[in-house]
Amino acid sequence: MTQNAPHILIADDNPEIREIIKILLTGEGFLVTEAKNGTTALEKIQKQNFDLIILDIMMPDMNGYETCQNIRSISNTPILFLSARTTDSDKILGFSSGGDDYLEKPFSYPELISRAKALIRRYQVYQGKQDQYSAAVSEQISCHGLKINLEREEVYQNGKRIDLTSTEYEMLKLLLINRRQIFSAQRLYEAIWQEPYYYGANNTVMVHIRNLRQKIERDPKNPVLIKTAWGKGYHID
């Protein structure tokens, strides 16, 4: 295991599940820290940086949704929900609270590893940790007072920096680079999450678009930046 190995925090009240996940992730070369509940997870996040946070939902004291909301107030580290709660409303609540991805229990080991690596890779690019990453377009994109510095991976709205998660940033960058192109939910999902579209992924995209609008639009209910082409998808003019 290298000194610069990605560091993952696992928050789950079940020690057996934590141990299984830890064995899987350390076997892939990741550093792993455990937290038995949401409160402990927040304490650890305040003391050190992580490249990924894996959250259970049904935890005592503070559930995963509440923990996620609290994490988002201090960190943009990607969050993967790992839960036996599998309804669409559960997933929407997870994404609405600030989660980046959602994996159902029981999960396959290869899928967990694949999701973890994808989230970490995207976050490292967003944080500028991958020297080989370079944009194929100009270093700055501007639109309606919104500016993206592609070299520094920073977003500004009328001169004020906007803090986005890596998923939100990649989605905004894709729409801005391809202005006036309409992206269907399927096209957006496959481009950002790098996996085949599935039933329910439309809700995933919709919630992330809503979260993004909350951060960059003056009036999220009447967006002027990210527009909806009803029945077709989303675009920026």
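These are my notebook entries on one protein structure, from its overall build down to single residues.

**Entry: overall build**

I began with the kind of model, and it is a predicted one. I then looked up the secondary structure. The protein has 8 helices and 11 strands. Next I checked how compact the fold is. Its radius of gyration is 18 Å, close to the 18 Å that the globule rule gives for 237 residues, so the protein is as compact as a globular protein of that length. Along the principal axes, the C-alpha atoms fill a box of roughly 50 × 40 × 30 Å.

I looked up burial next. Of the 237 residues, 52% count as buried. The accessible surface comes to about 11,900 Å². Carbon and sulfur atoms account for 47% of that surface. I also checked the reach of the contacts along the chain. Among contacts between residues at least 6 apart in sequence, 56% join residues at least 24 apart.

**Entry: the nonpolar cores**

Which residues touch the most other members of the largest nonpolar core? I found Leu172, Leu188 and Ile226, in a core of 31 residues. I then asked which elements build this core. Helix 5, strand 6 (140-143), strand 7 (146-149), helix 6 (166-177), helix 7, helix 8 (201-216) and strand 11 (233-236) each supply at least two residues. Helix 6 gives the largest share, with 6 residues.

Setting aside residues up to four places away in sequence, Leu172 touches Leu146, Ile148, Val155, Leu164, Leu212, Ile216, Ile226 and Ile236.

**Entry: aromatic rings**

I turned to the rings. The count comes to 6 aromatic pairs. One of them joins Tyr189 and Trp193, and this pair is stacked. The two ring centres are 4.9 Å apart, with 15 degrees between the planes. Both residues lie in helix 7 (residues 185-193). They are 4 residues apart, about one turn of the helix.

Tyr198 is partly exposed, with a relative accessible area of 27%. I then looked for a wider group. Tyr189, Trp193, Tyr197 and Tyr198 form one aromatic cluster.

**Entry: charges over rings**

I stayed with Trp193 for one more look. The charged end of Arg122 sits over the ring of Trp193, 5.9 Å from the ring centre. I noted another case at Phe183. There Arg187 lies over the face of the ring, at 3.8 Å from its centre.

The peptide bond from Lys105 to Pro106 is cis, with omega near -5 degrees. Pro106 is in the loop between strand 5 (101-104) and helix 5 (109-126).

Asp61 is not a glycine, yet its phi is positive, at about 75 degrees. I placed Asp61 in the loop between strand 3 (52-55) and helix 3 (64-72). Its relative accessibility is 65%, so Asp61 counts as exposed.

Asn158 has a positive phi of about 55 degrees, although it is not a glycine. This residue lies in the loop between strand 8 (154-157) and strand 9 (160-162). Asn158 is exposed, with a relative accessible area of 58%.

**Entry: His144**

Where is His144 found? I located His144 in the loop between strand 6 and strand 7. At 53% relative accessibility, His144 counts as exposed, because the cut-off is over 50%.

What does His144 contact beyond its neighbours within four places in sequence? I listed Gln157, Val224, Leu225 and Asp237. I also looked up the separation from Thr86. His144 and Thr86 are 58 residues apart along the chain, and their C-alpha atoms are separated by 39 Å.

Notes. Residues are numbered from 1 along each chain as its sequence is written. This is a predicted model: local features need pLDDT of at least 70, side-chain atom pairs count only at pLDDT 80 or more; totals for chains, interfaces and linings use all residues. Side-chain values use heavy atoms; hydrogens and water are left out. Buried means under 20% relative accessible area, exposed over 50%, partly exposed in between (1.4 Å probe, protein chains only). Rings of Phe, Tyr and Trp (its six-membered ring) pair if their centres lie within 6.5 Å; planes under 30 degrees apart count as stacked, over 60 as edge-to-face and the rest as tilted. A charge sits over a ring if NZ of Lys or CZ of Arg is within 6 Å of the ring centre and within 35 degrees of the ring normal. The radius of gyration is taken over C-alpha atoms; the globule rule is 2.2 Å times the number of residues to the power 0.38. Contact means heavy atoms within 4.5 Å. Accessible areas come from the Shrake-Rupley method with a 1.4 Å probe; for residues, only the protein chains shown count as cover. A nonpolar core is a set of buried Ala, Val, Leu, Ile, Met, Phe, Trp, Tyr and Cys residues joined through side-chain atoms within 4.5 Å.
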